[in-house]
Amino acid sequence: QGGQLFQVNTYTSGYQDTPAVAFDAAGNFLVVWYSDGSFGSDNFGGSIQAQRYDAGGVRVGNQFQVNNFTTGAQTDPVVAADAGGTFTVVWRSIEVPELDEAWRVHARRFGTGPPQFQFEATEGRVSLFAPVPKVAVNTDGVSFFVWNAGRRIRGRLYDPFGNPLAGEFQVNTYTTNYQRPPAITADGAGNFVVVWPDTPLGANFGNTRGRRYDRTGTPIGDEFGVGPETNEQRAPAVAADGAGNFIVVWERENSEGSENGTEIVGQLYSTLGTPLG
């Protein structure tokens with residue numbers, strides 16, 4: 001694209017919202033978004049659309065519909081990629097928004113060929129007000145889904161064929177405060193890191209907590225605190241490199257030198273989960 005701004009969607013009627021993007025190891029990427037009416041069979045309450053690009057930013061094929069379940073609203077997509085170029089798209093689905101009180105979480109995988117299976121990522125419904133789960137895919141093609149459920153962070157793993165490797169489980173072990181929407185990443189060794197805000201009831205800021213898992217979903221050590229526990233943190237994000245080092249960043253309030261009372265702070269960690277600097 002030569003560094004220029006470009007338009008992803010080719011359908012231009014109605015709203016096109018909440019985009020997300022993921023890159024594979026070769027630099028190919030997939031953009032996904034919610035479309036209020038678009039190409040495909042879903043004209044009921046909005047669909048999840050996608051467009052592939054190669055590493056040079058050139059379109060690969062045409063815009064296409066991700067979801068094959070079309071009843072009700074399909075919203076809020078997120079996407080993750082493994083090194084081999086398979087993308088996992090996750091979104092919320094509700095059959096009758098006016099009557100239902102909870103969403104189902106659906107996922108679908110896309111390789112280099114036709115779209116693969118669609119499956120339900122959770123064992124049941126999640127709160128209507130809970131954000132859509134986040135997902136990371138490791139080098140084995142295992143998808144690790146995490147989501148917020150009141151005071152808990154829940155997780156579940158699926159194999160490359162959409163089969164659950166175990167039931168849902170709780171990520172957090174500290175349960176006094178509210179555990180807010182998590183973030184997750186996978187490193188080059190196939191391990192995962194989950195981080196989330198730990199926030200007192202009624203507060204906007206709290207502390208950041210984290211937990212590491214190996215490629216099978218087994219915890220590596222205990223839950224740990226990220227940064228000083230000063231109740232000034234929120235909205236963490238996490239990313240890992242190929243060697244297994246990772247970085248956590250978050251928003252911090254009331255920090256010296258910040259213009260509006262907040263700043264972005266980060267902490268590097270080694271492959272052993274030890275803070276670096």
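A salt bridge is a side-chain nitrogen of Lys or Arg within 4 Å of a carboxyl oxygen of Asp or Glu. The model is predicted, so that local features need pLDDT of at least 70 and side-chain atom pairs count only at pLDDT 80 or more, while totals for chains, interfaces and linings use all residues. Residues are numbered from 1 along each chain as its sequence is written, and side-chain values use heavy atoms, with hydrogens and water left out.

**Exercise 1.** Describe the salt bridge of glutamate 168 with arginine 154.

*Solution.* Begin with the distance: the closest N and O atoms of glutamate 168 and arginine 154 are 3.7 Å apart. Finally, classify the accessibility, where buried means under 20% relative accessible area, exposed over 50% and partly exposed in between (1.4 Å probe, protein chains only): glutamate 168, at 21%, is partly exposed, whereas arginine 154, at 15%, is buried.

**Exercise 2.** Work out which parts are tied together by the salt bridge between glutamate 229 and arginine 209.

*Solution.* The closest N and O atoms of glutamate 229 and arginine 209 are 2.7 Å apart. Because glutamate 229 lies in the loop between β18 and β19 (233-240) and arginine 209 in strand β17, the pair ties together parts that are 20 residues apart in sequence. Glutamate 229 is exposed at 52%, but arginine 209 is buried at 13%.

Terms used. Helices (H or I, at least four residues) and strands (E, at least two) are DSSP runs, numbered from the N terminus.
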